[in-house]
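Hi,

Here is the structure I promised to pass on. Have a look at it first, and then read my notes below.

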Amino acid sequence: MIDEYAKIAPYYERILGKRLYSIRKNIRTFIHYQGHRRIIDMCCGTGRQLEMLKEPGMDLYGVDISLAMIDEAAQHEITFINKNALDVDLPAESFDAVILSFSLHEKNDYDRNILLDTSWKLVRPKGHLIISDYCRVPTTWQGFLWGRILIPLLERLAGREHHRNYSSWMSGGALEKHIEPIAARKNIISQHFNGTISVCSIQKEPYAEKVFRAVKLIQQS
């Protein structure tokens, strides 16, 4: 299987690391504030988010299909799984927090739903699914600049299929719409790039689980 990230992996953090730092920092702050200890980052890339979470007592896991990206990560005190996140076979409800950072918009609709479903099942009751991704474009000139010009250009540079999936994500209602089935306990942690990117948490409680399952049944009928 061809590793699509093999060429960019050595340069990924140099290009995007500083721009992603505030997002990663806010995720770290939220996780530490909640007291979560067992964390998994789905589609973890270079593992920088997990590195920022390292401290005594943390049990950290990262999953990514790209071995080149994982090779860029510091391996100490983190368990990395080189596998497609869609095929992860881990015990249900076994993590305090599951992170999906910019991993939903790049998938097609089918794979996106599987990834979201798989990630949600891994969250323990009272735990959190943490998502950072593109949200609906704000009606401000700054939002227009980022959401209609700069971000689409960046996504186009990532390749034809990547841009097609991004376009589907945005036209389908972006982050707000795609997490509706489990959004009963959604909270916005932070917003970035003039409101075009949101970091949100969704707590897993019995009510949210019932909503999620009910919507799934409706979609399958």
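Let me begin with the charged pairs. Searching the whole structure turns up 10 salt bridges, a salt bridge being a side-chain nitrogen of Lys or Arg within 4 Å of a carboxyl oxygen of Asp or Glu. Before the details, a word on the source: this is a predicted model, in which local features need pLDDT of at least 70 and side-chain atom pairs count only at pLDDT 80 or more, while totals for chains, interfaces and linings use all residues. Residues are numbered from 1 along each chain as its sequence is written, and side-chain values use heavy atoms, with hydrogens and water left out.

One of the salt bridges joins the side chains of Arg38 and Asp59, at 2.6 Å from N to O. Arg38 belongs to strand 1 (residues 38–42) and Asp59 to strand 2 (residues 59–64), so this pair ties together parts 21 residues apart in sequence. Helices (H or I, at least four residues) and strands (E, at least two) are DSSP runs, numbered from the N terminus. Asp59 is partly exposed, at 29% relative accessibility; buried here means under 20% relative accessible area, exposed over 50%, and partly exposed in between (1.4 Å probe, protein chains only).

Another salt bridge is formed by the side chains of Asp96 and Arg124 (2.8 Å, N to O). Asp96 sits in strand 4 (residues 95–101) and Arg124 in strand 5 (residues 123–134), so parts 28 residues apart in sequence are tied together by the pair. Asp96 is buried, with a relative accessible area of 14%, whereas Arg124 is partly exposed at 32%. Lys177 and Glu180 also meet through their side chains in a salt bridge, at 3.3 Å from N to O. Lys177 is partly exposed at 40% relative accessible area, and Glu180 is partly exposed at 45%.

The largest nonpolar core has 51 residues, and Ile31, Met42, Leu129 and Ile131 have the most contacts inside it. Such a core is a set of buried Ala, Val, Leu, Ile, Met, Phe, Trp, Tyr and Cys residues joined through side-chain atoms within 4.5 Å. Leaving out residues up to four places away in sequence, Met42 touches a set of residues including Val63, Val88, Leu100, Leu115 and Thr118. Val88, in the loop between strand 3 (78–82) and strand 4, is buried at 14% relative accessible area. Val88 and Thr118 are 30 residues apart in sequence, with their C-alpha atoms 7.9 Å apart in space.

Finally, two backbone angles to look at. Lys126, in strand 5, has phi near 80°, a positive value in a residue other than glycine, and is exposed at 51% relative accessibility. Ala174 lies in helix 7 (residues 174–178) and has a positive phi too, near 55°, but Ala174 is buried at 0% relative accessibility.

Best wishes

Note on methods:
Contact = heavy atoms within 4.5 Å.
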